[in-house]
Amino acid sequence: MIQVQNVIKKFEKDKVVDNVSLQIAKGSVYGLLGSNGAGKTTLLKIIAGIMKQQEGAIHIERKTVFENIELKDRIIFLPDSLYFFSHYTVNQMASFYQNLYSSWNQQRFEQLQQVLELDPKQKIQRFSKGMQRQVAFWLALCAMPDYLILDEPFDGLDPVIRRKIKSWIIQDVAEREMTVLVSSHNLKEVEDICDEVGILHKGALLLQKGLDDLKADIHKVQIAFKQEVDKELFANMDILYQEKRGSVYVFIIKGEYQYVENQISSMSPVIFDMLTLTLEEIFIYEMEGAGYAIENIIL
Ligand SMILES: Nc1ncnc2c1ncn2[C@@H]1O[C@H](COP(=O)(O)OP(=O)(O)OP(=O)(O)O)[C@@H](O)[C@H]1O
């Protein structure tokens with residue numbers, strides 16, 4: 001279990017993480033979303049024990065992470081800009097990991113090589129960007145971490161490899177209760193693997209919810225009426241966005257499915273569709289609710 005309590009991080013006077021509290025259950029996958037500069041990378045580094053907050057606390061299994069060598073043996077942080085020692089081959093880097101992480105699994109290293117088809121005798125810096133990211137996952141997964149923290153992890157990976165890596169991650173979560181924290185702008189990827197999401201905006205957590213609950217609570221509604229309807233009828237619904245396309249209204253409405261359906265049915269529409277939003281759509285409308293300009297981009 002990862003527990004983040006009232007964490008504040010400032011760079012000089014700028015508060016880039018602003019009183020954030022969240023919990024990540026053991027064996028779950030948590031997606032941290034947010035606009036550019038929202039503070040995601042900073043928060044991930046604090047959780048991974050690489051950077052220290054000025055206020056608040058981070059606990060993993062009730063222990064503080066910063067300077068905790070025993071705990072760090074079980075945490076892998078994969079940054080958005082990868083770093084490998086210059087001139088190291090994959091094998092040399094694997095030996096380095098083997099010395100660093102007590103749970104290193106050499107058999108898995110060899111198994112994954114068959115799938116990834118990368119030459120372990122090759123210098124990593126001679127690989128392409130996407131291949132280097134494959135190497136980073138290869139090494140990370142063979143260290144058998146209990147906590148995997150990923151910053152923009154799928155950048156540069158082709159769709160086939162992306163799917164393979166996601167399936168390995170999900171397998172580790174299911175089989176040995178690995179806990180994953182992932183930050184990405186690629187919401188489709190996040191949607192595929194996350195149980196819970198948090199949206200960070202200007203350093204503060206806007207919302208935090210189970211993905212299924214989040215999706216059950218927000219709807220895209222397309223409706224048309226024979227005649228103009230009284231706008232007052234919509235007053236008791238939480239409408240995040242509305243647009244008129246010809247005679248069809250498109251609404252983004254927050255609320256319980258049955259309640260929204262009953263309210264609209266009572267207006268006797270001639271066209272009525274209620275659709276589930278993708279995580280990307282939810283993110284965009286939530287961000288607009290927080291004052292992030294997204295005019296006229298209904299998806
Ligand atoms: N070492 C640093 N010194 C000063 N300011 C920093 C430092 N690192 C980050 N910041 C600032 O902190 C804020 C949050 O940055 P951070 O990298 O955490 O955001 P992010 O949500 O990961 O952004 P993106 O999605 O664009 O990668 C930004 O305003 C950034 O300029």
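Tutor: What follows takes each label in turn, for a predicted model.

Student: Why are α4 and α5 called roughly antiparallel?

Tutor: Helix α4 (residues 106-116) and helix α5 (residues 129-142) have axes that cross at roughly 155°. Angles over 145 degrees count as roughly antiparallel. Therefore α4 and α5 are roughly antiparallel to each other. Their axes come within 9 Å, and α4 passes α5 in a right-handed crossing.

Student: Which residues make the contact?

Tutor: From α4 come Arg108, Phe109, Leu112 and Leu116. From α5 come Gln134, Trp138, Leu141 and Cys142. Residues count as in contact if their C-beta atoms lie within 7 Å.

Student: How do the residues of that contact divide by class?

Tutor: There are 6 nonpolar, 1 polar and 1 charged.

Student: What surrounds the ligand?

Tutor: Phe11, Val16, Gly34, Asn36, Gly37, Ala38, Gly39, Lys40, Thr41 and Thr42. Helix α1 (residues 40-47) gives the most to this shell, with 3 residues.

Student: What makes 6 residues of the shell polar?

Tutor: The class count is 3 nonpolar, 6 polar and 1 charged. Gly counts as polar here.

Student: Where does UniProt place "domain: ABC transporter"?

Tutor: The unreviewed entry lists residues 2-227. That span is 35% helix and 31% strand, and its end C-alpha atoms lie 54 Å apart.

Terms used:
Residues are numbered from 1 along each chain as its sequence is written. This is a predicted model: local features need pLDDT of at least 70, side-chain atom pairs count only at pLDDT 80 or more; totals for chains, interfaces and linings use all residues. A residue is near a molecule or strand if its C-beta atom, placed from the backbone, lies within 6 Å of it. Helices (H or I, at least four residues) and strands (E, at least two) are DSSP runs, numbered from the N terminus. UniProt positions are given in the numbering used here, feature names are shortened, and annotations may be inferred rather than shown by experiment. Axes are lines fitted to C-alpha atoms, for helices over the stretch in contact, and angles run from 0 to 180 degrees between N-to-C directions. Angles under 35 degrees count as roughly parallel, over 145 as roughly antiparallel, 65 to 115 as roughly perpendicular and the rest as oblique. A crossing is left-handed if the near helix is turned anticlockwise from the far one by less than a right angle, and right-handed if clockwise. Two residues are in contact if their C-beta atoms, placed from the backbone, lie within 7 Å.
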